[in-house]
Amino acid sequence: MTDKDVLLGYATQDKSGRSGVYPVHLNLKRANRHGLIAGATGTGKTVTLQALAESFSQQGVPVFLADVKGDISGISQPGKSHPKVNERLQALGQPLDQWRGCPTVFWDLYGKQGHPIRATISDMGPVLLSRLMGLNETQEGVLNIAFAVADDNGLLLLDLKDLRAMLQHVASTAAELGSLYGNVSKSSVGAIQRRLLMLERSGAKKFFGEPMLELDDLIQVDDSGFGFVNVLVANKLVQEPDVYSTLLLWLMSELFENLPEIGDPEKPKLVVFFDEAHLMFKNTPQALIDKIEQVVRLIRSKGVGVYFITQSPGDIPDSVLAQLANRVQHALRAFTPKEQKVVRSAAQTFRSDKSFSVQDAISEMGVGEALISTLMANGAPSMVKRSLVKPPVSRIGAAKRAEVREILLQSPFAQKYDTAIDRESAFEKLAQRAATAAKAAAAEKPPRKRAHAAPKPRGRPRQSIAETFVKSVVRSLGGRTGRALVRGILGSLFKGR
Ligand SMILES: Nc1ncnc2c1ncn2[C@@H]1O[C@H](COP(=O)(O)OP(=O)(O)OP(=O)(O)O)[C@@H](O)[C@H]1O
Ligand SMILES: [Mg+2]
């Protein structure tokens with residue numbers, strides 16, 4: 001072990017059953033091989049998450065986490081002496097006077113307890129939007145066409161009203177689009193529009209728009225070399241599980257598509273913790289689960305570690321579970337036959353020696369106690385150890401409102417994100433286009449112009465409306481030429497870093 005490892009806690013027995021204090025570590029170099037924190041309610045998952053996030057921060061690794069119950073904002077404040085906490089710190093030979101909070105940035109979809117976190121519709125793309133709206137395959141096909149027409153015409157889809165305008169446009173030009181893009185049935189468009197209406201009444205309305213989150217803002221280190229902890233305030237958000245989980249999937253997709261390939265770094269560039277992870281896989285079609293699995297597998301070479309937190313490992317599809325090498329398993333209940341089955345299969349995933357029964361341990365362990373197995377430097381999983389988790393030195397529980405307010409006031413991101421902007425996009429362009437077309441028709445009844453970017457006839461003096469759109473989107477995307485926008489595995493835009 002080196003001092004570049006993260007201290008997770010300690011075992012009280014070695015493998016031959018001798019008692020003592022045996023520190024348990026997470027290898028920082030293997031921290032991008034992802035992880036899992038699982039356990040029944042009240043067994044210590046959130047405190048483990050906090051301790052782990054705090055340790056990454058101390059090692060200069062920025063962190064993103066979702067605060068689902070409002071009980072982790074205390075990570076921004078120094079902790080204080082408490083008999084149980086002291087006991088564990090003492091056992092580990094840790095000082096008892098070094099309570100400290102982490103540099104923290106708060107994000108909040110609703111913009112109340114943090115900076116608003118936003119994405120554009122264009123950027124999110126049709127795959128995740130379809131999931132968010134619960135579209136069936138045919139409807140997803142139509143949404144794909146709407147995106148293709150928008151992408152090809154350089155129509156910016158920033159917010160939900162742009163998407164609505166785009167769908168109307170697609171419906172009204174369905175006949176012309178058919179030969180180029182495929183069949184667009186009016187009933188599918190109608191169904192999507194009804195879903196859109198529901199979306200407009202949900203938190204998603206706030207999520208879509210600008211200024212969009214810049215990933216670099218999540219990957220910051222403070223002056224003393226601590227990684228920033230980005231806390232997504234999610235206690236209200238999680239009540240809209242589809243919005244919550246789509247936001248997390250979008251974030252993962254963005255990181256994957258836009259961070260450069262760096263192989264296995266000395267330490268991760270960023271670690272993200274997905275609490276209530278089962279929501280990411282609920283109501284998710286197998287095709288999308290396959291894509292998520294692919295992104296989870298590939299994102300580690302971009303230096304991103306992904307840690308899922310959930311009650312039971314059974315909540316996570318096996319293909320994804322197999323990618324999670326660093327595991328902290330808190331106690332699980334084993335009363336019903338179904339629960340016993342989960343315990344058995346959780347036990348089977350650990351490499352263990354003969355000194356104790358993993359299966360018994362899972363149902364016996366106390367609060368803040370866990371079975372820990374991490375990926376060793378040589379790439380093999382360590383023998384599982386029954387351990388007491390190291391408590392955080394930041395405050396356990398929530399920060400006070402005034403403390404959060406103070407952090408928001410000091411934050412460099414307030415100016416950048418707190419006010420929404422609404423620049424010209426598909427909604428305005430299509431409205432303008434309709435107005436122009438109506439005027440022209442009234443003036444001289446010219447032949448009807450095609451809606452999409454048709455090949456430009458030679459010698460035509462003026463730019464078509466579509467060409468003007470393309471120029472404006474190219475400007476807004478940083479001067480790339482008019483080639484088609486590139487979308488990644490989960491459909492977000494690739495910005496060609
Ligand atoms: N490592 C630890 N050291 C000291 N105390 C702990 C530790 N872990 C948990 N506790 C105590 O147990 C309480 C419950 O833990 P925690 O909130 O982490 O459970 P949880 O598994 O996240 O529960 P839920 O599923 O309901 O969110 C904490 O408030 C804290 O008092
Ligand atoms: Mg919790």
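Residues are numbered from 1 along each chain as its sequence is written, and chains are lettered from A and ligands numbered from 1 in the order in which they are written. Since we're working with a prediction, local features need pLDDT of at least 70 and side-chain atom pairs count only at pLDDT 80 or more, while totals for chains, interfaces and linings use all residues.

**Exercise 1.** Find which strands pair with strand S3 (residues 35-38), and in what sense.

*Solution.* 
1. Strands are DSSP runs of E, at least two residues, numbered from the N terminus; two of them pair if DSSP finds at least two bridges between them.
2. On one hand, S3 runs parallel to strand S8 (residues 304-310), with 4 bridges. There, Ile37 sits opposite Ile309.
3. On the other, S3 is joined in parallel to strand S9 (residues 326-329), again by 4 bridges. Leu36 has Arg327 of S9 as its bridge partner.

**Exercise 2.** Work out how helix H4 (residues 137-153) lies against helix H5 (residues 160-172).

*Solution.* 
1. Helices are DSSP runs of H or I, at least four residues.
2. Take the axes, which are lines fitted to C-alpha atoms over the stretch in contact, with angles from 0 to 180 degrees between N-to-C directions. They come within 10 Å and cross at roughly 100°.
3. So H4 is roughly perpendicular to H5 (65 to 115 degrees).
4. Now look at who touches whom (C-beta atoms, placed from the backbone, within 7 Å): Ile145, Ala146, Val149 and Ala150 of H4 meet Met166, Leu167 and Val170 of H5.

Conventions: Angles under 35 degrees count as roughly parallel, over 145 as roughly antiparallel, 65 to 115 as roughly perpendicular and the rest as oblique. Two residues are in contact if their C-beta atoms, placed from the backbone, lie within 7 Å.
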